[in-house]
Amino acid sequence: MKLQRKNRVRALAVGALAVSGALALTACGSDDTAGGNGGNSSAKASNIKCEGKGKLLASGSSAQKNAMDVWVQNYSGACKDTEINYQPTGSGAGVTTFLQGQTAFAGSDSALKPEEVTKSKEICKGGQAIDLPMVGGPIAVGYNVPGADNLVLDAQTLAKIFDSKITKWNDEAIKKLNPDAKLPDLKIQAFHRSDDSGTTDNFTKYLKAAAPGDWKHEPAKKWEGTGGQAASGSAGVSSQVKQTSGAISYFELSYATSGKIPTAKLNTGAKEPVEATVDNASKAIAEAQQVGKGDDLALKLNYTTKADGAYPITLVTYEIACDKGNKAETLPATKSFLTYVSSKDGQAALKELGYAPLPTEIADKVRATVAKIS
């Protein structure tokens with residue numbers, strides 16, 4: 001599970017919005033991560049208030065894994081009596097496990113559905129599950145195409161590629177977007193997630209919103225496109241792209257930077273094609289609207305922005321927990337950990353990972369909500 005810090009590309013995350021409601025990863029991430037803070041870990045840990053003890057079980061979004069590695073490293077350094085075990089099983093599996101009462105919290109790249117909120121009342125005695133955004137960032141379109149160093153794509157072309165309607169890299173539609181590139185006569189190997197994935201949900205929401213004429217499938221955590229090949233988790237699809245000539249897939253920017261995988265720029269209708277960076281994703285996420293009610297902080301993203309420098313394929317992932325009715329044996333540590341990850345120190349630890357810390361307005365709401373969890 002180790003992340004090689006030296007493989008990371010520093011990403012500026014000023015003013016970003018978003019989300020990685022993340023729960024912790026197990027101790028296996030303890031000395032690998034990006035530890036984001038490097039030599040500052042102990043200093044950051046000194047501000048963590050430890051509560052509770054024992055093991056907290058959590059699972060869900062693999063998009064959160066790299067952030068979790070850092071958070072757990074720092075939290076574990078301060079709170080020796082608590083082990084946080086987060087398994088990146090995918091958003092769908094994480095929500096299911098949480099709703100079965102098997103975990104203290106879950107990570108998801110998509111907000112809870114109404115029926116899931118209703119079901120959560122069975123385990124959140126006297127309350128319900130809520131969505132807490134923790135960090136966000138771009139969903140990169142990574143590719144492995146010899147000779148194509150600065151590939152530009154658009155929503156329509158991506159929709160056709162991932163629905164098996166464009167099958168060669170020298171297709172006329174791709175040539176038109178890349179007139180100066182030497183595109184090979186190479187078969188496109190499109191990889192998608194095999195597991196129920198919030199990243200898939202967000203990616204297909206983008207395709208449906210920005211290219212409705214070419215993407216006829218409804219957005220969902222389960223892949224609905226035609227053809228292609230499947231792999232498990234963000235780590236799985238990014239690994240396939242890295243090792244497969246002609247491959248293309250979608251995954252969080254942190255996987256592209258750590259794996260040194262080229263990412264496509266998007267022609268959105270803005271003055272210039274937009275690169276997948278934290279700053280550019282932040283410009284798009286800034287247009288998000290809160291659609292959750294009360295303490296539920298679910299956000300609605302704008303996938304069709306044409307603002308200059310705004311990268312529209314963005315991800316807001318959530319920490320999902322009970323607002324009331326948490327188990328007595330896990331409540332103290334759960335609040336302690338969520339308090340840390342939503343704090344200024346917890347958010348600052350993400351800047352080097354390709355994630356975007358919460359903007360002040362959202363962060364203040366998250367912190368106030370975590371403080372009320374009972």
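Student: Which elements each supply at least two residues of the lining of the largest pocket?
Tutor: In this predicted model, they are helix 4 (114-120), helix 7 (198-210), strand 11 (299-300) and strand 12 (314-322).

Student: And which helix gives the most to that lining?
Tutor: Helix 7 does, contributing three residues.

Student: How many residues line the largest pocket, and which lie nearest its centre?
Tutor: The lining has 22 residues. Those nearest the centre are Ser-110, Ala-111, Asp-201, Lys-205 and Leu-299.

Student: How much space lies in the largest pocket?
Tutor: The pocket holds about 460 Å³ of space.

Student: What is its lining like by class?
Tutor: Twelve of the lining residues of the largest pocket are nonpolar, seven are charged and three are polar.

Student: Let me move on to cavities. How many are there of 30 Å³ or more?
Tutor: The count comes to one cavity of 30 Å³ or more. About 60 Å³ of space lies in the largest cavity.

Student: Which residues lie nearest the centre of the largest cavity?
Tutor: They are Gly-136, Gly-137, Glu-252, Leu-315 and Tyr-355, out of 13 residues in the lining. Strand 4, helix 9 (253-259) and strand 12 are the elements that give two or more residues to this lining.

Student: Which element has the largest share of that lining?
Tutor: Strand 4 has the largest share, with four residues. By class, the lining of the largest cavity has six nonpolar residues, six polar residues and one charged residue.

Student: Strand 4 and strand 12 are both in there. How many bridges join them?
Tutor: Nine bridges join strand 4 (residues 129-143) to strand 12, and the two strands run antiparallel. Gly-136, one of the residues nearest the centre of the largest cavity, stands opposite Val-316 in strand 12.

Student: What is the order of the strands in the sheet?
Tutor: The order is 2-1-3-12-4-8-6-7. This is an open sheet of eight strands, and its pairing is mixed.

Student: Which are the edge strands?
Tutor: Strand 2 (82-87) and strand 7 (229-231) are the edge strands, as each pairs on one side only. On average, neighbouring strands of this sheet are turned by 25° against each other, direction ignored.

Student: Now the helices. Which strands does helix 3 lie across?
Tutor: Helix 3 (residues 91-99) lies across strand 1 (54-60), strand 3 (105-108), strand 4 and strand 12. Helix 3 runs at about 160° to strand 3.

Student: And which strands does helix 11 lie across?
Tutor: Helix 11 lies across strand 1, strand 2, strand 3, strand 4 and strand 12, and runs at about 50° to strand 4.

Student: At what angle do the axes of helix 11 and helix 13 cross?
Tutor: The axes of helix 11 (residues 331-342) and helix 13 (residues 360-372) cross at roughly 170° and come within 10 Å. Angles over 145 degrees count as roughly antiparallel, so helix 11 is roughly antiparallel to helix 13.

Student: Which residues make that contact?
Tutor: Helix 11 brings Lys-335, Leu-338, Thr-339 and Ser-342, while helix 13 brings Val-366, Arg-367, Val-370 and Ala-371. Four of the residues in the contact of helix 11 with helix 13 are nonpolar, two are polar and two are charged.

How values were computed
Residues are numbered from 1 along each chain as its sequence is written. This is a predicted model: local features need pLDDT of at least 70, side-chain atom pairs count only at pLDDT 80 or more; totals for chains, interfaces and linings use all residues. Side-chain values use heavy atoms; hydrogens and water are left out. Axes are lines fitted to C-alpha atoms, for helices over the stretch in contact, and angles run from 0 to 180 degrees between N-to-C directions. Angles under 35 degrees count as roughly parallel, over 145 as roughly antiparallel, 65 to 115 as roughly perpendicular and the rest as oblique. Contact means heavy atoms within 4.5 Å. Ala, Val, Leu, Ile, Met, Phe, Trp, Tyr, Cys and Pro count as nonpolar, Asp, Glu, Lys and Arg as charged, and the others, Gly among them, as polar. On a 1 Å grid over the protein atoms alone, a cavity is a set of points where a 1.4 Å probe fits but cannot get out, and a pocket is an open set with protein on both sides within 12 Å along at least five of seven lines; lining residues have an atom within 4 Å of a point. Grid points are joined across faces, edges and corners, and a volume is the space filled by probe spheres set on the points. Two strands pair if DSSP finds at least two bridges between them.
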